[in-house]
Structures are given as C-alpha cells and as structure tokens.
Amino acid sequence: MKLFDEMFEALKSQSAVLESSSNLAFDLPLREHYRSYAQWLAQQPNATMQARRAEAEMIFRRVGITFAVYGAKDEDGSGTERLIPFDLIPRIIPAQEWNRMEAGLVQRVTALNRFIHDVYHDQEILKAGIVPREQVENNAQFRQVMMGVSVPNQIYSHISGIDIVRAPTASGAGEYFVLEDNLRVPSGVSYMLENRKMMMRLFPDLFSQHRVAPVAHYPDLLLETLRASAPSSNTEPTVVVLTPGMYNSAYFEHAFLAQQMGVELVEGQDLVVKDDFVWMRTTRGLKRVDVIYRRVDDDFLDPEVFRANSTLGVSGLMRAYRAGNVGICNACGTGIADDKSIYPYVPAMIEFYLGEKPILNNVPTYLCRQPDDLKYTLDHLSELVVKEVHGAGGYGMLVGPAATKQEIEDFRAALLADPARYIAQPTLSLSSCPTFVDAGIAPRHIDLRPFVLSGKTVQMVPGGLTRVALKEGSLVVNSSQGGGTKDTWILEV
Amino acid sequence: MLSRTADHLFWMSRYTERAENTARMLDVNYQTSLLPQSDAVALVGWQGLLSISELLPAYQSKHGDVVPEKVMEFMVKDESNPSSIVSCLRAARENARAVRGALTTEVWETQNQTWLELNRMLKAGEFEQDPAQFFEWVKVRSHQSRGVTVGTMLMDEALHFMRLGTFLERADNTARLVDVKYHAVESDFFGAATDKDQEYDFYHWSAILRSVSAFEIYRKVYRDVIKPERVAELLILRADMPRSLHACLNEVVENLSVVVAGTSSETMRWAGKLQAELQYARIDEIEAMGLHAFLTRFLDRVNDLGGRISRDFLMAEAA
C-alpha cells in the first residue's frame, strides 16, 4: 500500500512507504486539509506539470536565485552557482496544527533567549544544576567576551530557525518534533518567500481555491525586529545587512533581504569603527550604523576579538557593541544555546524560566560524553542517527539504518576516540510528502524550518521553509546534499 | 549610498558600454572586410582595431600575425582578454550581482539574462555562424540595459553613477574610434595619394560613421558627400550627436553636478573645463593641432576625470 503520510490519514512505518509502488493512490483516505488540493492535482496532466517545472527553473535562473557551493564547478566547468531544486507540490499544514506549533515556537524561543541572557549574566540555571556548568563554560560556543554585556530587550537570538519534523509517536499518530535550533545565522527564508511567489505565478487558480495564509510580509516583520534592536537612544536607526560577499553560499538571500527591507547590504570593508561607533563609507562620507543584521559567523566578526586574520568583519566592532553603541543581530554567543549538546536541556529550560510544560517535543537524545549514553549508542549504532555536536549541513553524521557495516565500524572508532563530539538520536520516520520527481509523483522526506523573530515581541509569518530530500529514501534535506524546497501552506479548512 | 555600491554600479555600466562599442568596432571591420579591397588594406583595419584598444601586443604574443578570424575570436570569446565581449559582459554581470539589491529587478534580470544567453549562444556556435547577427545582439542587449535602467531606476545617486559610467566609457570609446582612422592612414589624414585610395578612404570614413550609427545622421546634418573633417566634427563637436565627445561630456557634467558634494568641486571644475573646450572648439583649430594629438590629449583627460571620480566617490575613504 502506498502512503504519503502528510497527505493521507494513516501514518505507517517508513519501510511500508518505500516498498510501495510509485503511483499516487488517490483512493486512500485523504487528510482533510489535502482533500481539495489532491483533487486538483489528480486533474493535472503530467505534461503540464513538466512544463511548469521547466518554467520555474527558467525563472529561478533568470532571477539568479542561486547558491554557491564552495569549490564546486557547474556543468560548464565555469561557475559555482547552483539552483536549489524547487518542488511544485506544496506541503500543507492545517491552521489548527500550525497554531499549536506557533505557540510552541514562541515558548521555546523565549526560553532560549532567557537561557542565553542567563548564561552571560547570573547563571541561575547553572547554579540550580539544571544544565551542567562544564557543558556551558567548556563549550567552544561559549563567548567569554559576552559576560555581563547587556543587549536591547535582553534578546540574543532575533532570528531563529527552528527545524521541525513530523513523525509517528509510539501510538502511530503524527506528531511534531524539534530536531534542531538554529540561533546563529539561520538561512533559507528567501526561499520561503520566492517559493510562494513562484507558486502564485505558476498556479494562480490554486490560490483562488485555497485560503493560504500569506508570508510576504516577512521582510516588514524582520525590519521591525531589527529596528527594535537599536541602541535605545536612536529613534530612526540605520539598519544594514552584513554579508561575507557575493561568493558566500547564501549571498542571494543577503542581497534579497537587504533589498526587500530597503537597507544597505554591506561588507566588512564598507564599515569602520571610530570612537566606539560603527560607520559605513558612503559617497558622502561616513554614516552612522545602528543595527547590523550580520550574516557572518561570530568567528569572523571582529579580528580584534575573534579570528585575527578575518577580513569579513570589522575591527573594533565588539568594542562598539559592548559600549552599547550598535545592535548586532543575532548577538554574539548564541551558539551556546543551539549547540547539539545543549539541545537535550531545552525542555528543562522552558520549565525553569517560564514555569510551563513544553508544547513542542524534543527528540530523545543520547549525549555520548556520558558513559551510559555512550554505551547505549555503541550497542545500537545500526538503529540510531549519530551527529557531531558542532556539525552542520548534514555532514559528519551517521544514519544507522542506511549505513553499511563498514561505515558503522568507522563511526564506532571515531566515537570511541572522542565521545564528547557526538550525540545520538533514534532514527525518526520523518514524514514524507508527495513530490514531483522525474518518475512522476513520489513520496520524499521533508522537514520544516519556521523563522521566529524576537524583538519587542516574538512573532513569525505562518509557515516556514519546507525542505525535501529528493533522493529516494534519503533523510538528508540539506541543499548542499541534494535537498530541494517546497512551498509551505498554512491552510484554513 | 555606499562607495562600494557606487563603484560597482559605475563599472557595471562601463563594461556594458564597452561590450557594445567592441561589438560596434568588430561589426564595422567585419562589414568592411566584405568589400573588395587589398589584403593590405584589410589588415590595416584589423590591426587598427587592436591598437586603438591597446591590445596589439597581447594579441601578437598569443596569435602572432593579424588574421581576421583570430582577431574576432580574441575580441569576442577570449576570456583571457579583459576587453573581449565575453570578459566585459562577465564583469558587467559580476558587478551587477554584487549590488543586485541596489538595482531594480528588471535591471538585474536584464544583466543576468544577457550573461546566460551569451553563454548559450557561444556554446551553440552562433557567433561563428553569423557574426553580424551576434554583434547586433550585443548592441541590442546594451540598448536594453540602458533603457531598462533609465526606465525603472529611481533617479537618485545610483542612477547618476551608472550614467557617469556609461558616458565616460562612451567618450573614451568614440575618441579611440575616430583615432583609429589616424592609425589606418597615419600621416595622410586629410590627403589622399591616389584616386583608388580616396575611394577606400570613403569606405573607411563611412564605416566609422556606421559604427556609431551615424551614417544617416551625417547626411541629414551636412547634406554633403563624406568629408573627413565633417566626420570628425560630427563625432567630436556636435552636441546633438549622441555618441559624440561633446554629447558624452554634457552627460558627464550633468550627472556629476548632481552627485558632487562640496569636497569634489575640483573634479567638477575639470569636467566643466573639458566640456567647455568641446563646446567652443572649432574643427579647423583641431586640425591645426593635429587630430591624433588632440584625441590623445582628450583620452588622457577623460582618463584623469575617471580617476578623480573614483577617488572622490568610489574608493573607501580611510577612517
């Protein structure tokens, strides 16, 4: 039997989905919120969908919605720009599910910001023994330079990308799990916006038939959030977006967001710190900068404090920041809260700071630094997903059920050599979604990254970026490893 | 606006204009080569084309003798030649990409589309199949780029720096183009040794006119046979001829006057002076001075003006 667990009622195990044939079985019981779309989809000839897909690709190329892969060459052997594959079939989430998820996201991100503030000030949570002190202070992501620094609204992670998957619980019901918090420089929001634009262009009729919650006001919310992070003295703050430059993989997004907000896109070389204030070099001399939406990692921000050889940042930036003369979004040192070894403590943070039960689930996580967890992990390698604590982009991980014996043994050796570098989690049966691939419509695994904005309030646009693992059976959705994206609909039904 | 942004915009326009002018020169030489003429005369044309772009040594070290097909390939497809059409359009697109947020969607997409289409055409061998058609395409894309810029950009500093780039480059290119005639006939500027040469002379001068789309304009303005001094006057001194040095300097002065802040009045003075000289010059005076000498001096001064604009606006000021 064929199962598309986002579209169909019964959520069976992953193997059942993968073993089935590749034709979409519209006679299966549909989930309510997919009913109308599935009906529409069944009427679309394959040739029409092919043509739409070609059209989308042509437009993305012309618009230059590309990302750069470091050191890679394109088909002509000349450039390094690639398209992120865009899938025509939207991922649909019913409004009532979203409302709950949104409440959970507000709760979680609020607690994470409280945690970062606490870590760099009174450290109540460490004193209470809820998060082990050495896990924080010996962590490479802990920034001593942030101790005692006060930031506007006590917000550190202004833009948070929370990775969420849907998977069956023991009872077989679908449930959302937070897989990872991204609190440093989460990217992908431009694809969320461009995917919606593309869908409206390709299939306008769908939007007259469905009440899809709009997302296009994201840049407005972002600008509002950034302006709220200005040093308090300034009522008309100048905001800039700081990019590593046009060869960065997310350059399109940096340029896009700056343009949509109507602010300057700057590089490190355009900024200068004088008398502990930040200035940009313009055709009319120096101009004060109040808020920097930086898309450059901590390590490269200020050669005076971090990597001395970095040319991407600005010398003296941290002086200006500590003096309270410039806002940096996200703040330095947020990595302490999205580190994979801190992740297991997030539910406890929510209870500690907010006195509330967590709304969103965490995935059970084994910290290999702890002997019991390490033993369990080593005994169950073929069932678990093992990740590097500081890994990103889907690299440096072992997906036990999909790995060869040799890969498992190699990983075992690496684990034993440096257990503290790893965590392990059960392999979740990530939900899949009908996806238009070369062979037709087939199930592919997806996740969801909503973008949560924290300024004076915590807010977000409905939905997020749905990433899809285009390779059959693959669980890795990262664009650097063959992942694609889909439009995400929050639907009133 | 950011100095770096202004710099990218300025160079984006310069490179687009340069690609167009390269296409114009190649087109004229290509068209001329279809006329019955001696190999020697044809060779002088191709060689002149390389020398006005100061590329003769680079060409010779790579290809040796001047061969029309090789020159065309060198000036169109050779990525190691910074003045080739492919290099110019790549640089224009890279500059545009670096500041795509400062451009309207239409301007950026036009630049990007040009680049994508160029790659497709070169790969498909469309240049070799029909060079004239290819040169026409380069010109049309340049027209489109200028048109979409003027038609969609907010009339602020960004637009003015782009326009400055366009007209400084065009002034430079037109001056070089007129000078090429000097390269071709050397000391024999206004004279003609034989009747036959005079006939060729007509074709060369009319080719220059065509390369700046001015053949019909010449007839309309002068209602006369093609006379070298009138061609020179049209392309240097006529303010109503859109590719003349005078017209270019008028545009430069106009755009510069909008962006100057107090500190750069010296640059404004230089631009104004150069413009005034063109405004009040007479072609017989230029003749007396020698056309080549005049153009060489003009090129130096346009170059200097570009340098001043860079220093005043486009370079990151030391803190």
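**Entry 1: A:Asn330 and the cis bond**

I looked up A:Asn330 and found it in the loop between β12 and α13 (335–338) of chain A; helices (H or I, at least four residues) and strands (E, at least two) are DSSP runs, numbered from the N terminus. The peptide bond that leads from A:Cys329 into A:Asn330 is cis, with omega near -10°.

I note that the model is predicted: local features need pLDDT of at least 70 and side-chain atom pairs count only at pLDDT 80 or more, while totals for chains, interfaces and linings use all residues. Residues are numbered from 1 along each chain as its sequence is written, and chains are lettered from A and ligands numbered from 1 in the order in which they are written.

**Entry 2: positive phi**

I checked A:Asp275, a residue other than glycine with a positive phi, near 50°. A:Asp275 sits in the loop between β8 (271–274) and β9 (277–282) of chain A. A:Asp275 counts as exposed because it has 10 C-beta neighbours inside 10 Å. For burial I use this rule: a residue is buried if 20 or more other C-beta atoms lie within 10 Å of its own, exposed if 12 or fewer, and partly exposed in between, with C-beta atoms placed from the backbone.

I found a positive phi in chain B as well, at B:Ser213, where the value is near 55°. The loop that holds B:Ser213 runs between α10 (195–211) and α11 (215–222) of chain B. B:Ser213 has 13 C-beta neighbours inside 10 Å, so it counts as partly exposed.

**Entry 3: domains and a helix of chain A**

I took the domain bounds from an automatic or database domain assignment, which divides chain A into domain 1 (100–176 + 213–354) and domain 2 (364–426). Their C-alpha centres lie 29 Å apart. The contact between them takes 6 residues from domain 1 of chain A and 6 residues from domain 2 of chain A; two residues are in contact if their C-beta atoms, placed from the backbone, lie within 7 Å. On the side of domain 1 that touches domain 2, I read 3 nonpolar, 1 polar and 2 charged residues. Here Ala, Val, Leu, Ile, Met, Phe, Trp, Tyr, Cys and Pro count as nonpolar, Asp, Glu, Lys and Arg as charged, and the others, Gly among them, as polar.

I then listed the buried residues of helix α9 (residues 218–227) of chain A: A:Tyr218, A:Pro219, A:Leu222, A:Thr225, A:Leu226 and A:Arg227. What covers them includes α7 (189–202), α10 (251–261), β6 (239–242), β11 (291–294), β12 (327–329) and β20 (451–454) of chain A.

**Entry 4: where chain B meets chain A**

I looked up the contact of the two chains, which takes 22 residues from chain B and 23 residues from chain A. On the chain B side, α1 (3–33), α5 (85–98) and α6 (105–123) each supply at least two residues. The largest share of that side, 6 residues, comes from α6(B). By class, the side of chain B that touches chain A has 11 nonpolar, 5 polar and 6 charged residues.

**Entry 5: α5(B) between two partners**

I took α1(B) and α5(B) as a pair: their axes come within 8 Å and cross at roughly 160°. Axes are lines fitted to C-alpha atoms, for helices over the stretch in contact, and angles run from 0 to 180 degrees between N-to-C directions. The crossing angle makes α1(B) roughly antiparallel to α5(B), a term for angles over 145 degrees, against under 35 for roughly parallel, 65 to 115 for roughly perpendicular and the rest for oblique. The contact of α1(B) with α5(B) has 12 nonpolar, 4 polar and 1 charged residues.

I also paired α5(B) with α6(B), whose axes come within 9 Å and cross at roughly 145°. Among the residues in this contact are B:Leu89 and B:Ala92 of α5(B) and B:Trp108 and B:Trp115 of α6(B). The contact of α5(B) with α6(B) divides into 8 nonpolar, 3 polar and 2 charged residues.

**Entry 6: two alanines of chain B**

Is B:Ala19 buried or exposed? I found B:Ala19 buried, because 29 other C-beta atoms lie within 10 Å. B:Ala19 is in helix α1 of chain B. Leaving aside neighbours within four places in sequence, B:Ala19 is in contact with B:Ile85, B:Cys88, B:Leu89, B:Ala92, B:Val138 and B:Ser142.

B:Ala132 is exposed, with 12 other C-beta atoms within 10 Å. Not counting residues up to four places away in sequence, B:Ala132 touches B:Asp27 and B:Tyr30.
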